[in-house]
Amino acid sequence: MLAVTAHDHVPPGPVAVLANPTAGRGRHRGLLPRILARLGGAGRPVELLTARTPAEAEAACHAAVAGGAGALVAVGGDGTVHRAVQAVAGTAVPFGPVPAGTGNDFAVETGFPADPLAAVEVIAAALAAGRTRPVDLARLSGSGGADRWYGAVLAAGFDAIVNERANRMRWPRGPRRYDLAILVELARLRPRRYRLVLDGVPQEVDAVLVAVGNAASYGGGMRICPDADPTDGLLDVVVGGRFDRRTLMRVKPRIYQGTHVTHPLVRAYRARTVELAAEGITTYVDGERSFDLPVTVTAVPSALRLLR
């Protein structure tokens, strides 16, 4: 892993930009010319990457970095950021997230303004000054292929199960599909037996909510791991135990403020390495579908250089 400091210079090369025009239901699409112009004003060529699918977006980012990009900027939400981060994690190429999605948790939790034009001002100023700041990432290993990186939160409980249900449903479209998935999975709610190994120390728990956070929030501001700090070299693990339906629905709104961790059925831990296993769970990281359990998550200090 590269040692980085706040004063490292940005490598030479153009600024590659990955933009998701459908992020945030397209509400920031018209801002892209202004974002590109502001980045160009930082004194480097700007190259807009082309991609039609998430897989193509990730491949385009890898190709840009391999081809000598001096920086990578992602315009979109957490899903777009997640694809871009795979290409720059552990490299000397710095990264700037422009929050333009439904959920912008990584950008906001690492200190960028929530307004996309304000965020691009921060990124452009850092480019012009050659300024970067280190931030941690989590490295996810599973049986589903090559390791993945994530910046915000891994969900492996009720929220992951709801996402999986919603992604399998063909009707209805839009947010109502997610609402219906919640109702279906609430009716089927039951605690599951998880095996947790935190820095080599094993335990078994019956739980409904399980999250492993590099940063505090997911899902557009739900502070599931409220004390997580993406610069402390540690992962925060939050486990919500044997909730019944009524209790879960009472506690869930408290996640937006992070006060759910005071509930007697919630436990919070910190560890550098987390092994997590349970039957029949597909994890979601930064809102994106990822590996089936079991997985291993490792905190990697200073894995990413941010243009801040």
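The largest pocket is lined by 48 residues, and Gly79, Thr102, Gly103, Gly287 and Glu288 lie nearest its centre. This is a predicted model, where local features need pLDDT of at least 70, side-chain atom pairs count only at pLDDT 80 or more, and totals for chains, interfaces and linings use all residues. Residues are numbered from 1 along each chain as its sequence is written, and side-chain values use heavy atoms, with hydrogens and water left out.

**The pocket**

Rolling a probe the size of a water molecule over the atoms shows where empty space is left. Here a pocket is an open set of points on a 1 Å grid over the protein atoms alone, where a 1.4 Å probe fits and protein lies on both sides within 12 Å along at least five of seven lines. Lining residues have an atom within 4 Å of a point. The largest pocket has a volume of about 1600 Å³. That volume is the space filled by probe spheres set on the points, with grid points joined across faces, edges and corners.

Which elements give two or more residues to this lining? They are β1 (15-19), α2 (54-66), α3 (78-88), β7, α6 and α7 (175-187). The largest share, 5 residues, comes from α7. Helices (H or I, at least four residues) and strands (E, at least two) are DSSP runs, numbered from the N terminus.

Thr102 sits in the loop between β4 (95-99) and α4 (105-109). The C-alpha atoms of Thr102 and Gly219 are separated by 8.3 Å, although the two residues are 117 residues apart along the chain.

**The sheet**

An open sheet of 6 strands runs in the order β12-β11-β10-β7-β14-β15, with antiparallel pairing. Two strands pair if DSSP finds at least two bridges between them. Why is one side of β12 and of β15 left without a neighbour in the sheet? β12 (266-271) and β15 (288-292) stand at the edges, so each has a single partner strand. The twist averages 25° from one strand to the next.

β14 (residues 282-285) and β15 pair in the antiparallel sense over 3 bridges. Val285 has Glu288 of β15 as its bridge partner. Glu288 is also among the residues nearest the centre of the largest pocket.

Helix α6 (residues 158-168) lies across β7 (153-155), β10 (209-213), β14 and β15. It runs at about 95° to β14. Contact means heavy atoms within 4.5 Å. Axes are lines fitted to C-alpha atoms, for helices over the stretch in contact, and angles run from 0 to 180 degrees between N-to-C directions.

**Accessibility**

Buried means under 20% relative accessible area, exposed over 50%, and partly exposed in between (1.4 Å probe, protein chains only).

| Residue | Relative accessible area | Class |
|---|---|---|
| Thr102 | 54% | exposed |
| Arg305 | 6% | buried |
| Asp199 | 43% | partly exposed |
| Ser302 | 24% | partly exposed |

Arg305 lies in strand β16 (residues 295-306). Its side chain joins that of Thr132 through a polar contact of 3.4 Å. Such a contact is a pair of N or O atoms within 3.5 Å; within protein, one must be able to donate a hydrogen and the other to accept it, and residues adjacent in sequence count only if both atoms are side-chain atoms.

**Backbone exceptions**

Most residues other than glycine have a negative phi, and most peptide bonds are trans. Asp199 has a positive phi of about 50°. This residue lies in the loop between β8 (192-198) and β9 (201-207). Ser302 has a positive phi of about 55°, and its place is in strand β16. The peptide bond from Leu293 to Pro294 is cis, with omega near 10°. Pro294 is found in the loop between β15 and β16.
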